[in-house]
Amino acid sequence: MLTNPYPDSCTFFAASLSSKLSLASLPEEESFVQNIKAESRKKSYLLGRHLARKALCELDPTLASFFIKTGEHNEPLWPHGLIGSLSHSTEIACAIVSSFERTLALGIDVEPIHRTLSQDISRKVCDESEKAWVQAVPAEENLRLLSIFAAKEAIFKALFPLYQKMFWFDAVSLSWENELHGFNATLLFEPHPQLRKGTNIPVNITYECDHVTASVLVPQVTYTPRP
Ligand SMILES: CC(C)(COP(=O)(O)OP(=O)(O)OC[C@H]1O[C@@H](n2cnc3c(N)ncnc32)[C@H](O)[C@@H]1OP(=O)(O)O)[C@@H](O)C(=O)NCCC(=O)NCCS
């Protein structure tokens with residue numbers, strides 16, 4: 001299964017959709033999936049909530065039955081003082097949780113490594129410099145595009161709860177950095193007073209279990225833009 005890409009300040013769980021749940025689903029979760037038609041989406045929702053509750057429980061055992069509601073913009077609503085992020089594919093799901101005291105923002109995204117993204121998606125997702133990086137190695141083109149896509153989805157999940165408004169793929173610009181094993185994401189907007197325009201946020205990228213995983217963690221310190 002996926003290895004934990006986060007530091008010890010976070011609790012991470014990942015599992016295959018075919019695995020057995022070790023905590024029973026909550027009645028509220030069962031009732032939520034009644035309105036979902038696709039079986040795979042039902043499964044991924046329940047597994048995601050299950051892993052997220054396991055992570056919450058590790059931080060505070062009284063949260064074993066905490067129902068993580070879905071907000072108006074589909075964001076998971078965490079208990080007071082905690083933050084987290086969820087992602088799933090048709091094969092796996094994962095959840096990450098930390099305390100807001102230590103972590104300002106958390107985001108995760110998994111994409112099946114064999115997913116092919118269309119030219120249309122490429123146009124929507126990449127700016128000119130990202131496109132140049134994607135096209136620099138023809139044999140890696142799709143993998144590079146997937147990595148950019150996953151990184152931007154993880155950034156969206158991390159920053160939406162702070163910003164509380166939608167933002168799109170042109171809100172950040174990514175550049176690959178080998179030492180980071182991922183991207184430096186430069187913010188082209190200000191989602192939060194601690195995250196000014198020009199701030200750089202690292203996005204870790206891993207390739208394992210036939211998935212691209214992008215993970216974002218912004219600690220509780222003030223970031224300053226590079227001069
Ligand atoms: C929301 C979005 C990022 C979800 O990604 P996805 O690859 O389709 O699906 P994943 O399985 O990885 O993630 C789904 C989970 O994301 C989380 N999520 C959804 N909307 C969210 C939001 N507004 N804020 C934070 N997390 C959100 C939810 O936990 C959801 O799982 P759940 O419904 O079971 O609770 C994507 O559908 C989307 O709307 N993207 C457009 C916005 C964007 O990416 N902008 C780029 C900014 S640089």
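Let's start at the ligand: helix H5 gives the largest share of the shell around it, seven residues. Keep in mind that this is a predicted model.

**Around the ligand**

In total, 23 residues surround the ligand, and the closest are Asn74, Glu75, Leu86, Ser87 and Phe160. Which elements each supply at least two residues of this shell? They are helix H2 (39-59), strand S4 (82-88) and H5. The shell also draws on two domains, with at least three residues from each of domain 1 (10-107) and domain 2 (114-204).

Sorted by class, the shell looks like this:

| Class of residue | Number in the shell |
|---|---|
| nonpolar | 12 residues |
| polar | six residues |

Now follow H5 to a sheet. Helix H5 spans residues 141-163 and lies across S6, S7, strand S8 (182-187), S9 and S10. Its direction makes an angle of about 145° with S6.

In what order do the five strands of this open sheet come? The order is S6-S10-S9-S8-S7, and the pairing is antiparallel. Strand S6 (103-112) and strand S7 (172-177) each have a single partner strand, so they stand at the edges, and one side of each is left without a neighbour in the sheet. From one strand to the next, the twist averages 25°.

For a closer look at one pair, take strand S9 (residues 200-208) and strand S10 (residues 211-219): they run antiparallel and are joined by six bridges. Within this pair, Val203 has Val216 in S10 as its bridge partner.

Technical notes. Residues are numbered from 1 along each chain as its sequence is written. This is a predicted model: local features need pLDDT of at least 70, side-chain atom pairs count only at pLDDT 80 or more; totals for chains, interfaces and linings use all residues. Two strands pair if DSSP finds at least two bridges between them. Helices (H or I, at least four residues) and strands (E, at least two) are DSSP runs, numbered from the N terminus. Axes are lines fitted to C-alpha atoms, for helices over the stretch in contact, and angles run from 0 to 180 degrees between N-to-C directions. Two residues are in contact if their C-beta atoms, placed from the backbone, lie within 7 Å. A residue is near a molecule or strand if its C-beta atom, placed from the backbone, lies within 6 Å of it. Ala, Val, Leu, Ile, Met, Phe, Trp, Tyr, Cys and Pro count as nonpolar, Asp, Glu, Lys and Arg as charged, and the others, Gly among them, as polar. Domain bounds come from an automatic or database domain assignment.
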